[in-house]
Amino acid sequence: SARIELENLSKRYPGSPSPAVDDVSMEIRPGETVVLVGPSGCGKSTTLRMINRLIEPSSGRIRIDGEDVTRIDPVRLRREVGYAIQSSGLFPHMTVAENIALVPRMLGWSRARVRERVEEMLVLVGLDPGEFHGRYPRRLSGGQQQRVGVARALAADPPVLLMDEPFGAVDPITRDHLQDELVRLQRELRKTIVFVTHDLDEAIRLGDRIAVLRERSRIAQFDTPEAILTGP
Ligand code: ADP
Ligand code: ADP
């Protein structure tokens with residue numbers, strides 16, 4: 001696991017009158033799950049996507065274990081930072097196995113090692129490899145797609161995991177189940193996780209600490225679930 005530091009981070013999209021993210025600073029400790037919670041449009045995804053450089057900040061800095069992310073080469077960044085998003089983001093023209101193998105292949109792992117890792121990841125997220133390996137995403141339920149999305153994000157064993165409403169598109173019962181499994185997984189894996197949601201209940205269930213965000217990702221409160229529930 002790794003430490004993540006956001007330092008005076010801002011993002012203004014071209015043509016937009018006001019910044020989507022305005023001067024956010026935050027430190028996320030190694031092995032900690034931090035949940036960013038706040039209303040739709042407050043800049044959560046933008047903040048998250050700057051960490052793995054899907055979006056470049058307008059100003060400010062991000063460091064992972066002290067290293068400025070702009071100095072980390074793109075392939076290594078994919079290895080260091082897993083990314084799981086709402087409705088799984090699986091590539092529809094690729095099988096489950098090909099989706100999970102994406103980053104390991106990019107890293108040049110051998111075929112045998114990739115194959116073994118795919119099996120391992122399917123077992124980890126509770127899917128039978130024999131049954132799911134060769135399936136296409138459209139032949140999976142929403143919950144199964146989310147599991148594969150998480151398996152893909154974890155495949156290269158990244159120390160950092162970014163999750164953007166990963167359970168947003170599944171029914172409440174499946175979501176409940178997936179949340180439980182993430183808690184269980186995290187006890188084992190101890191990744192540094194930044195998890196985005198608009199659902200305070202989900203934040204309280206998953207977060208070691210919760211950052212309550214207002215507009216432009218300004219931090220209203222950053223504390224443990226217990227402290228957030230008790231109020232200031
Ligand atoms: P959240 O994840 O909290 O819903 P976002 O980070 O997606 O918020 O969006 C923050 C703000 O930035 C919103 O006002 C949104 O409309 C705007 N925004 C997001 N992506 C873009 C983009 N690619 N171009 C312009 N504006 C964007
Ligand atoms: P969008 O926001 O339109 O879904 P993105 O630009 O975030 O698309 O990503 C395009 C695709 O690449 C998505 O399916 C996404 O899940 C995948 N992807 C992006 N970053 C990573 C990463 N670090 N590791 C694995 N897959 C990634």
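## Ligand shell and nonpolar cores

Trainee: How do the residues of the shell around ligand 1 divide into nonpolar, polar and charged?
Mentor: This is a predicted model. Tyr13, Ala20, Pro39, Ser40, Gly41, Cys42, Gly43, Lys44, Ser45 and Thr46 surround ligand 1. Gly is counted as polar here. The shell divides into 4 nonpolar, 5 polar and 1 charged.

Trainee: Which residue has a side-chain N or O atom 2.9 Å from an oxygen atom of ligand 1?
Mentor: Polar contacts need N or O atoms within 3.5 Å. Tyr13 places a polar side-chain atom 3.4 Å from a nitrogen atom of the ligand. Gly43 uses a backbone N or O atom, 3.0 Å from a ligand oxygen. The side-chain atom at 2.9 Å from an oxygen of ligand 1 belongs to Lys44.

Trainee: What share of the area of ligand 1 does the protein bury?
Mentor: Start with ligand 1 taken alone. It then exposes 560 Å². Of that, the protein buries 53%.

Trainee: Which residues touch the most other members of the largest nonpolar core?
Mentor: This core has 39 residues. Elements giving two or more residues to it include strand S3 (33–37), helix H3 (96–106) and helix H7 (172–189). The residues touching the most other members are Ile100, Met163 and Phe195.

Trainee: How many residues are in the second, separate core?
Mentor: Ile4, Leu48, Met50 and Ile55 are among its members. The count for this second core is 28 residues.

How values were computed: Residues are numbered from 1 along each chain as its sequence is written. Chains are lettered from A and ligands numbered from 1 in the order in which they are written. This is a predicted model: local features need pLDDT of at least 70, side-chain atom pairs count only at pLDDT 80 or more; totals for chains, interfaces and linings use all residues. Side-chain values use heavy atoms; hydrogens and water are left out. A residue is near a molecule or strand if one of its heavy atoms lies within 4 Å of it. A polar contact is a pair of N or O atoms within 3.5 Å; within protein, one must be able to donate a hydrogen and the other to accept it, and residues adjacent in sequence count only if both atoms are side-chain atoms. Accessible areas come from the Shrake-Rupley method with a 1.4 Å probe; for residues, only the protein chains shown count as cover. A nonpolar core is a set of buried Ala, Val, Leu, Ile, Met, Phe, Trp, Tyr and Cys residues joined through side-chain atoms within 4.5 Å. Buried means under 20% relative accessible area, exposed over 50%, partly exposed in between (1.4 Å probe, protein chains only). Helices (H or I, at least four residues) and strands (E, at least two) are DSSP runs, numbered from the N terminus.
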